[in-house]
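User: Hi! I am new to protein structures and would like to learn how to read one. Could you take me through it step by step?

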Amino acid sequence: MRIDWAALGEEAVDLLRRYLMVDTTNPPGNEAAGARFLAAVLERNGIASETVEAAPGRANLVARLAGDGSLPGIVLHHHIDVVYADRRYWTVDPFGGEVRDGYLYGRGAIDMKSTGIMHLAAVLALKRAGVPLKRDLVFLATADEEAGSVYGARFVADARRDWLAGAEYAISELGGIEVHAGYTAPLGHIVISEKTGLPLTLTARSEPGHGSMPWPDTAPHRLIRALNRLLAAERPLSVLPEVREYFSRLATVLPVHAGVGYGDLERSLTDPAFRTRFLTNRLYAAMVRTTFAVTMLKGSEKGNVIPPEASAGIDCRMLAGDDPQEIVTWIRRVIDDDQVEVTIEGEPKAPNLSPPDTELYKALADALRRRAPGTVVAPEILVAFTDNWVFRRCGLHGYGWSPFVMDEGEWHRVHGNDERLSLENIREGVRCYVDMLLAVAGA
Ligand SMILES: [Zn+2]
């Protein structure tokens, strides 16, 4: 098999530049424009694709590179939509496809048109090289990930389940290699689970009245007391085996003093001083417990009217193993006020997780170690949400994985300003992606 890596790298840069120039800001999404771009590239390379709109303009696209069927397939999925970019804070046009000082700038450069182009370029390279495959590779582009996946992954899971036929694995966004000034080696992340949202509303009710004559049990007063109790109560910490492994791997790349206690997190957390120090890190705290963020508050429309109803919206995020009903029962107990109603908004989603011991996980870890020698690989439970949750529910093992080497500063540009990816990451990333697919699917 011969692949001209230099030419493939340049092709990937050019494809990503042009894909970033398609504005798929969600809302409204307009993923149909992105799907047209992908379909045209596939067609020029002799690969048929199918596009289906879940609603006008909300397109999803699938293409399949057939293997010999001796092993189940792999779904390579990315979302076409991107989040809003506030041009006032960007130094370049977020949809201009600009290259500057070795970086390609644009909304979606990391999250996640880059990964989509890795999938696309890898599929094109394997098709052209005529490589025999043991597994089908399913190239899947979805709509609406940034606003709930209703027109994207969920639509595919409900209405186009046949697109996933014969597959056992899914690979999607994030993960990758983190280099950090304070680390003694690069840290490779493979996302195996996401914390899952449980949107809650607390509603207090009482009689209305005049603001000049308040009493202790007005609806807003009851609500405030209930929220105080909720925020003061502590859910027991839960260190999942995978989180424990993450911190023990992290300990090996931290300077000795910084990693003290991370080798056995569960035990260390029984030490009050360690626990307090550990939980002041917001990210770490979110990795070991169910979180409750009060995000919306509603009371009276008028300053001198005591309303009959006051409510708070709570963004609760669950870890794998959490049970929505148990959480609601726990909240009712800690707020201890039957005049305050606790409701779950919408259908509760149970968190899910893919194990870090599958053949694919091992191949992903090997590929990261080849991409940056010395990389220590750790399984990650993402505190944010991705479409992998949807596809895990369809029976696939879903991982978040990228062949990109980035420092902290680059990661912070995701959903932020001047999002960008180095040309080196694009060129070397596509080679890494192809090698990984050959290792796991090559005949
Ligand atoms: Zn994303």
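Analyst: Happy to! Let us begin with a pair of helices: helix H3 (residues 113-129) and helix H14 (residues 423-441) pack with their axes 9 Å apart, at an angle of about 55°. Helices (H or I, at least four residues) and strands (E, at least two) are DSSP runs, numbered from the N terminus. Axes are lines fitted to C-alpha atoms, for helices over the stretch in contact, and angles run from 0 to 180 degrees between N-to-C directions. Please keep in mind that this is a predicted model, where local features need pLDDT of at least 70, side-chain atom pairs count only at pLDDT 80 or more, and totals for chains, interfaces and linings use all residues. Residues are numbered from 1 along each chain as its sequence is written.

User: What word describes how H3 and H14 lie to each other?

Analyst: Angles under 35 degrees count as roughly parallel, over 145 as roughly antiparallel, 65 to 115 as roughly perpendicular and the rest as oblique. H3 and H14 are therefore oblique to each other.

User: Is the crossing of H3 and H14 left-handed or right-handed?

Analyst: A crossing is left-handed if the near helix is turned anticlockwise from the far one by less than a right angle, and right-handed if clockwise. For H3 and H14 the crossing is right-handed.

User: Which residues of H3 and H14 meet?

Analyst: Two residues are in contact if their C-beta atoms, placed from the backbone, lie within 7 Å. From H3 come Ser-114, Met-118, Ala-121, Ala-122, Ala-125 and Leu-126, and they meet Ile-426, Gly-429, Val-430, Tyr-433, Val-434 and Leu-437 in H14. The contact of H3 with H14 has 10 nonpolar, 2 polar and no charged residues. For these classes, Ala, Val, Leu, Ile, Met, Phe, Trp, Tyr, Cys and Pro count as nonpolar, Asp, Glu, Lys and Arg as charged, and the others, Gly among them, as polar.

User: At what angle do the axes of helix H5 and helix H10 cross?

Analyst: Helix H5 (residues 219-232) and helix H10 (residues 324-335) cross at roughly 115°, and their axes come within 8 Å. This crossing of H5 and H10 is right-handed. Ala-226, Arg-229 and Leu-230 of H5 make the contact with Ile-331, Val-334 and Ile-335 of H10. Sorted by class, the contact of H5 with H10 has 5 nonpolar, no polar and 1 charged residues.

User: Now sheets, please. In what order do the 4 strands of the open sheet stand?

Analyst: Strands of a sheet pair through backbone hydrogen bonds, either parallel or antiparallel. Two strands pair if DSSP finds at least two bridges between them. Here the order is E12-E14-E10-E15, and the pairing is antiparallel. Strand E12 (291-298) and strand E15 (340-344) stand at the edges with a single partner strand each, so one side of each is left without a neighbour in the sheet. On average, neighbouring strands of this sheet are turned by 25° against each other, direction ignored.

User: How many bridges join strand E10 to strand E14?

Analyst: There are 10 bridges between strand E10 (residues 196-205) and strand E14 (residues 309-318), which run antiparallel. As one example, Pro-199 has Asp-315 in E14 as its bridge partner. The helices H5 and H10 turn up again here. H5 lies across E10, E12, E14 and E15, at about 140° to E10. H10 packs on the sheet too, touching E10, E14 and E15, and its direction makes about 165° with that of E15.

User: Which strands stand at the edges of the open sheet of 3 strands?

Analyst: That sheet has the order E4-E5-E19, with antiparallel pairing. Strand E4 (99-100) and strand E19 (420-422) are at its edges, each with a single partner strand, so one side of each is left without a neighbour in the sheet. E4 is joined by 2 bridges to strand E5 (residues 103-105), where Tyr-103 is the bridge partner of Arg-100.
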